[in-house]
Amino acid sequence: MKNESTLSIEIFGKNYTVSDGLTNMTLKKCSKLDNYFKDDENARVNFTVTLEGDTYTTDLVVSSHGITYRATAVSDSPYTNLDLVIPKLLGQ
């Protein structure tokens with residue numbers, strides 16, 4: 001799947017291998033961030049999904065114009081976390 005966002009997006013897994021499905025969903029949902037960071041061609045987005053036991057922690061970090069924005073979600077599904085972290089970040 002083509003990256004629908006113009007942002008530089010990196011997706012990492014700790015104790016977890018990020019599936020193609022989660023990667024594709026993340027790239028698609030990150031297109032919502034474009035409107036907020038479109039004036040910074042150097043904006044970077046980092047997603048880190050960590051698995052500890054049966055719990056997934058997703059950290060979303062956006063760096064733009066020297067400012068770092070962070071959002072974290074914890075649940076039993078990395079897909080649920082994806083639906084939580086982007087609105088949290090946009091609320092900043």
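Biologist: In which strand is threonine 48 found?
Modeller: This is a predicted model. In it, the element that holds threonine 48 is strand E2.

Biologist: Is threonine 48 buried or exposed?
Modeller: The relative accessibility of threonine 48 is 16%. Buried means under 20%. Threonine 48 therefore counts as buried.

Biologist: Which residues does threonine 48 touch, not counting residues up to four places away in sequence?
Modeller: Residues up to four places away in sequence are left out of this list. What remains for threonine 48 is Phe12, Lys14, Thr57, Thr58 and Asp59.

Biologist: Which residues of the largest nonpolar core touch the most other members?
Modeller: This core has 23 residues. Two or more of them come from each of H1, E2, strand E3 (55–64), strand E4 (67–75) and H3. The members with the most contacts to other members are Leu33, Val45, Phe47 and Leu60.

Biologist: Which residues does phenylalanine 47 touch, not counting residues up to four places away in sequence?
Modeller: Phenylalanine 47 is also one of the residues that line the largest cavity. With the sequence neighbours up to four places away set aside, phenylalanine 47 is in contact with Glu10, Ile11, Phe12, Thr26, Cys30, Thr58, Asp59, Leu60, Leu82, Val85 and Ile86.

Biologist: How much space lies in the largest cavity?
Modeller: The structure has one cavity of 30 Å³ or more. The space in the largest cavity is about 50 Å³.

Key:
Residues are numbered from 1 along each chain as its sequence is written. This is a predicted model: local features need pLDDT of at least 70, side-chain atom pairs count only at pLDDT 80 or more; totals for chains, interfaces and linings use all residues. Side-chain values use heavy atoms; hydrogens and water are left out. On a 1 Å grid over the protein atoms alone, a cavity is a set of points where a 1.4 Å probe fits but cannot get out, and a pocket is an open set with protein on both sides within 12 Å along at least five of seven lines; lining residues have an atom within 4 Å of a point. Grid points are joined across faces, edges and corners, and a volume is the space filled by probe spheres set on the points. A nonpolar core is a set of buried Ala, Val, Leu, Ile, Met, Phe, Trp, Tyr and Cys residues joined through side-chain atoms within 4.5 Å. Buried means under 20% relative accessible area, exposed over 50%, partly exposed in between (1.4 Å probe, protein chains only). Helices (H or I, at least four residues) and strands (E, at least two) are DSSP runs, numbered from the N terminus. Contact means heavy atoms within 4.5 Å.
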